[in-house]
Amino acid sequence: MTITIVPMTVRDACAYIARAHRHHAAPQGHKFSIGAEAGDGHLVGVAIIGRPVARAYDDGRTVEVTRLATDGSSNACSALYGAARRAAKASGHRRAITYTQEGESGASLRAVGWRRTAERPARGGWDTPSRRRRALGTEQVARTLWVITAKDTAALPLRDEPGCAQQR
């Protein structure tokens with residue numbers, strides 16, 4: 001199947017996330033959003049890229065893929081992760097990060113050059129007495145941090161082509 005990367009408005013990307021994401025609602029904001037279309041023009045996935053959620057990574061030169069969802073189409077995840085990094089690199093960002101939950105293999109990330117860099121333990125939640133927050137249903141789940149830098153992508157093709165993830 002041919003996958004084409006297309007620009008997305010945050011409204012359209014959030015609507016897709018609300019319908020298709022397995023365990024998260026749409027994020028609060030974004031820097032940019034992209035979509036993946038099948039050869040017939042049908043939207044098969046979206047990625048929302050924003051500022052890193054963790055303050056320690058929010059250095060002005062790092063972005064985070066905060067949400068990515070697809071309908072399961074072959075290579076859609078890899079195409080979106082690769083395109084997100086290329087767009088971030090083209091806009092001057094040096095690093096991109098994202099997380100997977102325990103039990104997710106990260107195969108799509110590895111296919112386009114991302115590196116597993118840390119295992120994060122499950123946390124009890126974000127609610128504190130000084131800042132009340134509702135449970136989101138994703139608490140108590142360990143996560144893996146993935147990173148790709150401009151240096152990591154130097155050897156990767158800078159193109160959005162059908163089956164790009166399969167060619168690597």
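Begin by selecting R116 and E119, which form a salt bridge whose closest N and O atoms are 3.5 Å apart; the term is used here for a side-chain nitrogen of Lys or Arg within 4 Å of a carboxyl oxygen of Asp or Glu. R116 counts as partly exposed because its relative accessibility is 47%, where buried means under 20% relative accessible area, exposed means over 50% and partly exposed lies in between (1.4 Å probe, protein chains only). The model on screen is predicted, so local features need pLDDT of at least 70 and side-chain atom pairs count only at pLDDT 80 or more, whereas totals for chains, interfaces and linings use all residues. Residues are numbered from 1 along each chain as its sequence is written, and side-chain values use heavy atoms, with hydrogens and water left out.

**The other charged pairs**

By this rule the count comes to three salt bridges. Side chains of opposite charge can pair when their charged atoms come close. Select D58 and R51 next, and the closest N and O atoms of this salt bridge will be found 2.3 Å apart; R51 is exposed at a relative accessible area of 55%, while D58, at 27% relative accessibility, counts as partly exposed. Then move to D59 and R95, a salt bridge in which the closest N and O atoms are 3.7 Å apart. This pair links distant parts of the chain, since D59 sits in the loop between β3 and β4 (62-70) and R95 in strand β5 (residues 95-101), 36 residues apart. Helices (H or I, at least four residues) and strands (E, at least two) are DSSP runs, numbered from the N terminus. Both partners are partly exposed, D59 at 41% relative accessibility and R95 at 24%.

**The whole chain**

Now zoom out and colour by secondary structure: the protein chain has four helices and seven strands, which follow one another along the sequence as β-α-β-β-β-α-β-α-β-β-α. Of its 168 residues, 43% count as buried. Taking contact to mean heavy atoms within 4.5 Å, residues 24 or more positions apart account for 66% of the contacts in the protein chain with a separation of 6 or more.

**Helix α1**

Select helix α1 (residues 10-20), and within it A13, C14, Y16 and I17, which are its buried residues. They lie on the same side of α1, because they cover an arc of only 160° around the axis, an arc taken from the directions from the helix axis to the C-beta atoms. An α-helix has 3.6 residues a turn, so residues three or four places apart point the same way. The buried residues of α1 pack against β1, β2, β3 and β4.

**The nonpolar cores**

Which residues have the most contacts inside the largest nonpolar core? Select I5, I34, I49, V65, L80, Y81 and W114, which hold that place in a core of 25 residues; a nonpolar core is a set of buried Ala, Val, Leu, Ile, Met, Phe, Trp, Tyr and Cys residues joined through side-chain atoms within 4.5 Å. At least two residues of this core come from each of β1 (3-8), β2, β3, β4, α2 (76-90) and β7 (143-149), and α2 gives the most, with seven residues. Centre on I49, and, leaving aside its neighbours within four places in sequence, it is in contact with H30, K31, F32, I34, V63, E64, V65 and A84.

Is S33 buried or exposed? S33, which lies in strand β2, is buried, with a relative accessible area of 5%. Its side chain makes a polar contact with the side chain of H30 at 2.7 Å, a polar contact being a pair of N or O atoms within 3.5 Å (within protein, one must be able to donate a hydrogen and the other to accept it, and residues adjacent in sequence count only if both atoms are side-chain atoms).

Finally, select H42, in the loop between β2 (32-38) and β3 (43-50). H42 counts as partly exposed at 44% relative accessibility, and it touches A36, E37 and D71, not counting residues up to four places away in sequence.
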